[in-house]
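Keep the sequence beside it.

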Amino acid sequence: MPSLKPERRLIWLQPEAATKPQPGQACNACGVCCASEPCPVARVFLWQFRGACQALVWSAAKRQYRCGMLLEPSNYLRFLPRVAQRPFRFLVARWVAADTACDSDAQV
């Protein structure tokens, strides 16, 4: 019978990053969710299925993690025309529920 113990992973975050909120509380851009596993956007568009998301970006000025696919999608999707970047950002924000509530069940 398979073990029901939660999987343990080591993730690396900036020491200045905010502490992860409890699920359901407001997102504070701590980066835990994206550092622990790629979201559906990363799976579909970046073909990344495990590990820290390659589009996770640290902003030292704001002391927050941000989604690179939201900030500058053309850095990750070379085929995306400039005219499509704004609508694509809107869709990505909806798909990942950016800046809403914490939905990560990762234990830190």
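This is a predicted model: local features need pLDDT of at least 70, side-chain atom pairs count only at pLDDT 80 or more; totals for chains, interfaces and linings use all residues.

Q: How much space lies in the largest pocket, and which residues are closest to its centre?
A: The largest pocket holds about 1200 Å³ of space. Its lining has 47 residues. Closest to the centre are Val32, Cys33, Cys34, Ser36 and Ser104.

Q: How many residues in the lining of the largest pocket are nonpolar, polar and charged?
A: Several elements supply at least two lining residues each, among them helix H1 (32-36), strand S2 (64-67) and helix H4 (85-96). By residue class, the lining divides into 31 nonpolar, six polar and 10 charged.

Q: Is Leu80 buried or exposed?
A: Leu80 lies in the loop between H3 and H4. Leaving aside neighbours within four places in sequence, Leu80 contacts Pro73, Gln85 and Phe88. Its relative accessible area is 13%. The cut-off for buried is under 20%, so Leu80 is buried.

Q: Is Ala29 buried or exposed?
A: Ala29 sits in the segment before H1. Its phi is positive, about 60 degrees, although Ala29 is not a glycine. Its relative accessibility is 7%. Under 20% counts as buried, so Ala29 is buried.

Q: Is Trp47 buried or exposed?
A: Trp47 is found in the loop between H2 and strand S1 (56-59). Trp47 is a residue other than glycine with a positive phi, near 55 degrees. Its relative accessible area is 69%. Exposed means over 50%, so Trp47 is exposed.

Definitions and conventions: Residues are numbered from 1 along each chain as its sequence is written. Side-chain values use heavy atoms; hydrogens and water are left out. On a 1 Å grid over the protein atoms alone, a cavity is a set of points where a 1.4 Å probe fits but cannot get out, and a pocket is an open set with protein on both sides within 12 Å along at least five of seven lines; lining residues have an atom within 4 Å of a point. Grid points are joined across faces, edges and corners, and a volume is the space filled by probe spheres set on the points. Helices (H or I, at least four residues) and strands (E, at least two) are DSSP runs, numbered from the N terminus. Ala, Val, Leu, Ile, Met, Phe, Trp, Tyr, Cys and Pro count as nonpolar, Asp, Glu, Lys and Arg as charged, and the others, Gly among them, as polar. Buried means under 20% relative accessible area, exposed over 50%, partly exposed in between (1.4 Å probe, protein chains only). Contact means heavy atoms within 4.5 Å.
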